Structure formats: C-alpha cells, structure tokens
Amino acid sequence: MRVHVAFTPAETAAAPVGIVVDVLRATSTIAQALASGYERVYCSAEVDDALALRERLGEGLLGGERSAVKIEGFDVGASPREFVGEPRAKTVIFSTTNGTRAILETAARSDQVLLGSLLNLDSVAAAVRERGEDVVVVCASFQGAFALDGEPTDAAKAADAIARAWPDAHEALLARTYGPPGLEEDIAFCAQVSALDVVPRLNRMVDGAAEILA
C-alpha cells in the first residue's frame, strides 16, 4: 500500500482510495453529523447548487460557510458543535469554502472516497488498512494528514514531519494562518482524537453533489 499526500486538491493524484481531510471544519462536521444520526450529507460546491438541491429534494438542513462565516439564509454554519445531539432532519445539504470542493475533486479521481478528521482518525485508518490499496490523502486547505501504515511518498513524509512539529493536535490547529478569530471552541472540538467511530464515505453523485453516508 502506497500513501501519498496532496497538500491541496489541485495536487490530487489518482488512487483507488482518496481520503479528504478538512479538520477545520468540513470533514469534522460531516463525521459529527453522521455520528449523531443524520442519515446522509450532500456536499455541494456552490451555494446555488445547495439551494437547488434542497428545492428538488423538498427537505434537508442547509449548512455551510464562506470564509468561516455562516452562509446567509442557511439553517446552520459549519461547526461540528451544531450537529451534536438529536438530528434536526434526515439530510444535511452542505457547502463550504474548501472541504466540499475537495470532496468533489477527489470523487473524480478515486474509486472510493472517505472523509477523515482527527475526530474519526482510528476508524478511517482501520478502514484503509483493511482495504490495503494505494491511498491519496487530500488536504482541503492549509494542512492536515493521516499517518497511515504503508510506503509513504516524500509528501507523506513531509506531512508527518509537520505534524511532529507541535506537541499535540490542539496546538497544531492553533497555528493556523487562515480564518477569522472566534473559532477557538471549534478548534478545541476538532482537536479531539478518535472521539467518533464513524467512516463517512461517498455513496453516489446526485445532481452534482456528493452523497456521503456512514
């Protein structure tokens, strides 16, 4: 099994398994939503796409952000803390600045797409090891990667070196260089390691959106 890390979606290489990582905050939020009992999450690239999909489906909780700020008119933003507790709907329709676009980009290049975060690290790593095929870890934005058993590429080795530069995940996430102030509670939430036993994965494409199931 060969492991490659793409630091941006534009660098994504074709591989049987693609793992999309957007710890702050898309993949963390999607993992939390599915763990809380939402049945599916549709990932749309654009705001208009998300609105059109809800119109066609006739239901769904609209969630998302642009530049880390909740999209005007949407039901919720992109914080995983908004998805703790009883589901408010069966379906979430989600659009974010980086994460949902990275999911769609990876879906075009990989046979299987999984969504990873610190929250579900062990579960995703176990699923990848079980499959045993080559993997590309796609970072949606600034940084973030999994350290999986396998033969790492130079980029994967660089990601591991970056991760080791901080004493823990929380300190590493606090070193971000993007996003507005006020995300401190989300950063602390997203820094929890292997708190969720869920492996979000691409099921199919629906009107240009990626349908993600647990």
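This is a predicted model: local features need pLDDT of at least 70, side-chain atom pairs count only at pLDDT 80 or more; totals for chains, interfaces and linings use all residues.
Biologist: How many helices and strands does the chain have?

Modeller: Helices (H or I, at least four residues) and strands (E, at least two) are DSSP runs, numbered from the N terminus. By that rule, the chain has seven helices and 11 strands.

Biologist: What share of the residues is buried?

Modeller: Here buried means under 20% relative accessible area, exposed means over 50%, and partly exposed lies in between (1.4 Å probe, protein chains only). Among the 214 residues of the chain, the buried share is 49%.

Biologist: Which residues of H1 are buried?

Modeller: Helix H1 spans residues 26-35 and is mostly covered, with nine of its 10 residues buried. Those residues are Ala26, Thr27, Ser28, Thr29, Ile30, Ala31, Gln32, Ala33 and Leu34.

Biologist: Which members of the largest nonpolar core touch the most other members?

Modeller: A nonpolar core is a set of buried Ala, Val, Leu, Ile, Met, Phe, Trp, Tyr and Cys residues joined through side-chain atoms within 4.5 Å. The largest one holds 28 residues, and those touching the most other members are Ile30, Val41, Ile103 and Ile212.

Biologist: And which element gives the most to this core?

Modeller: Elements giving two or more residues include strand S3 (40-43), helix H3 (99-107) and strand S11 (209-213). The top contributor, with five residues, is H1.

Biologist: Which residues does Ile30 touch, not counting residues up to four places away in sequence?

Modeller: Contact means heavy atoms within 4.5 Å. Ile30 is one of the buried residues of H1. Its partners are Val41, Cys43, Phe94, Ile103, Leu115, Pro200 and Ile212.

Biologist: Is Thr106 buried or exposed?

Modeller: Thr106 is found in helix H3, and it is in contact with Gly18, Val20, Val113 and Val138, leaving aside neighbours within four places in sequence. Because its relative accessibility is 0%, Thr106 counts as buried.

Biologist: I work with cysteines, so how many disulfides does a search of the whole structure find?

Modeller: Cys43 is buried, with a relative accessible area of 0%, and Cys190 is buried with a relative accessible area of 0%. A disulfide is a pair of cysteine sulfur atoms within 2.5 Å. The number found in the whole structure is zero.

Biologist: Which peptide bond is cis, with omega near 10°?

Modeller: Most peptide bonds are trans. This one reaches Arg25, in the loop between strand S2 (15-21) and H1. The cis bond runs from Leu24 to Arg25.

Biologist: What phi does Asp207 have, and is the residue buried or exposed?

Modeller: Most residues other than glycine have a negative phi. Asp207 lies in the loop between S10 and S11 and has a positive phi of about 50° although it is not a glycine. Because its relative accessibility is 56%, Asp207 counts as exposed.

How values were computed:
Residues are numbered from 1 along each chain as its sequence is written. Side-chain values use heavy atoms; hydrogens and water are left out.
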